[in-house]
Amino acid sequence: MLGQDMKPRRDKMNPDVIEVHHNWSRCVQRAFLMGVDPLTGRDVSYRREWLASLTEYLVSVFSVEVATDNMLGNHFHQLVRNRPDVAHQWSDEEVCWRWKMAWPQFDNPVWRCEPTDESIDAMLLRGQNEEGYLAGIRRNLHNISWFQARLKQTIAWLVNRDYPKDEQKRGHHWEARYGNRRLETESETVTNFLYIDLQQVKARMADSVE
């Protein structure tokens, strides 16, 4: 029988139920694309701040909570919880506004998005004419996979813009979609919390959690 880590996400994630998950993702070929490359000495550790600030921004948009996270040189970890109960309290107009906000632009060091009234009205009109349209968007906003997609795709786009045009590393930034494990007990959650918080200490990037 496959362990939970080997199961498809559809078999261990239910966006319609409040769940706690440990997510992790590595850069392509485990290269140091967010840190100091030990071979070349090139320092791009500032990209970790992009990931951290985008995470904070997306938390304000999605109905997904990030309890703790850790950004290293070639991967990151997050302890997250989806909140369908919160998303179901939003009006249709707020759902449209939040969905538009999920595609921000980076105005260093701030992530920005300013949906127009016309774009919101167009979504509301489509919702009136297309059954299930707004319900699907609402569900996406409390779906951990959609949260991860907007986080990783946006960072990959920004990293590619950051490379010189002749840089051979331009292309994929992430090794795969993301790793995931559902945490089913309080003990598992607490243990995972400590594991994530100690990542930079373990990697000798920091001397202590503080």
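Tutor: A residue counts as exposed when its relative accessible area is over 50% and as buried when that area is under 20%. Please keep in mind that this is a predicted model.

Student: Is Arg204 buried or exposed on that scale?

Tutor: The relative accessibility of Arg204 is 78%, so Arg204 counts as exposed. Arg204 lies in the segment after α8 (199-202).

Student: What is the phi of Arg204?

Tutor: Phi of Arg204 is near 60°, which is a positive value in a residue other than glycine.

Student: Let us turn to the opposite class. Is Thr68 buried or exposed?

Tutor: Thr68 has a relative accessible area of 9%, and therefore it is buried. Thr68 belongs to strand β2.

Student: Which residues does Thr68 touch, leaving aside those up to four places away in sequence?

Tutor: Thr68 touches His77, Gln78, Leu79, Phe193, Ile196 and Asp197. With Asp197 there is also a polar contact of 2.6 Å, formed between the two side chains.

Student: How many residues does the largest nonpolar core have?

Tutor: The largest nonpolar core has 41 residues. Leu51, Phe62, Ile155 and Trp174 are the members with the most contacts inside the core.

Student: Which elements give two or more residues to this core?

Tutor: The helices on that list are α1 (46-59), α3 (92-101), α4 (117-129), α5 (133-141) and α6 (144-162), and the strands are β2 (64-71) and β3 (75-82). The greatest contribution comes from α6, with seven residues.

Student: With which residues is Ile155 in contact, apart from its neighbours within four places in sequence?

Tutor: Ile155 is in contact with Trp50, Leu51, Leu54, Trp111, His173 and Trp174. Leu51 and Trp174 are themselves among the residues with the most contacts inside the core.

Student: Next, helix packing. Which residues of α3 are buried?

Tutor: In α3 the buried residues are Val95, Cys96, Arg98, Trp99 and Met101. These buried residues pack against α1, α4, α5 and α6.

Student: How is a pair of packed helices described, and what applies to α3 and α5?

Tutor: Two packed helices are described by the angle between their axes and the distance between the axes. For α3 and α5 the angle is about 60° and the axes are 10 Å apart. These two helices are therefore oblique to each other, and their crossing is left-handed.

Student: Which residues meet where α3 packs on α5?

Tutor: Asp92, Val95, Cys96, Arg98 and Trp99 in α3 meet Leu134, Ile137, Arg138, Asn140 and Leu141 in α5.

Student: At roughly what angle do the axes of α3 and α4 cross?

Tutor: They cross at roughly 120°, and the axes come within 9 Å. That makes α3 oblique to α4. The crossing of α3 and α4 is right-handed. On the α3 side, Asp92, Glu93, Cys96, Trp97, Trp99 and Lys100 meet Ser119, Ile120, Met123 and Leu124 in α4.

Student: How are α4 and α5 arranged?

Tutor: The axes of α4 and α5 come within 7 Å and cross at roughly 120°, and these helices are therefore oblique to each other. Met123, Leu124, Arg126 and Gly127 in α4 meet Tyr133, Leu134 and Ile137 in α5.

Student: Where is Arg182 found?

Tutor: Arg182 is found in strand β6 (residues 179-183). The C-alpha atom of Arg182 is separated by 34 Å from that of Leu124, a residue 58 residues apart along the chain.

Student: What polar contact does the side chain of Arg182 make with another side chain?

Tutor: The partner is the side chain of Glu184, at 2.4 Å.

Note on methods. Residues numbered from 1 in each chain as written. Predicted model: local features only at pLDDT ≥ 70, side-chain atom pairs only at ≥ 80, totals over all residues. Heavy atoms only, no water. Core = buried A, V, L, I, M, F, W, Y, C linked by side-chain atoms within 4.5 Å. Buried < 20%, exposed > 50% of the residue type's maximum accessible area, 1.4 Å probe, protein only. Helix = DSSP H or I, 4+ residues; strand = E, 2+ residues; numbered from the N terminus. Contact = heavy atoms within 4.5 Å. Polar contact = N/O pair within 3.5 Å; in protein donor to acceptor, adjacent residues only side chain to side chain. Axes fitted to C-alpha atoms, helices over the stretch in contact; angles between N-to-C directions. Parallel < 35°, antiparallel > 145°, perpendicular 65-115°, else oblique. Left-handed = near helix turned anticlockwise from the far one by under 90°.
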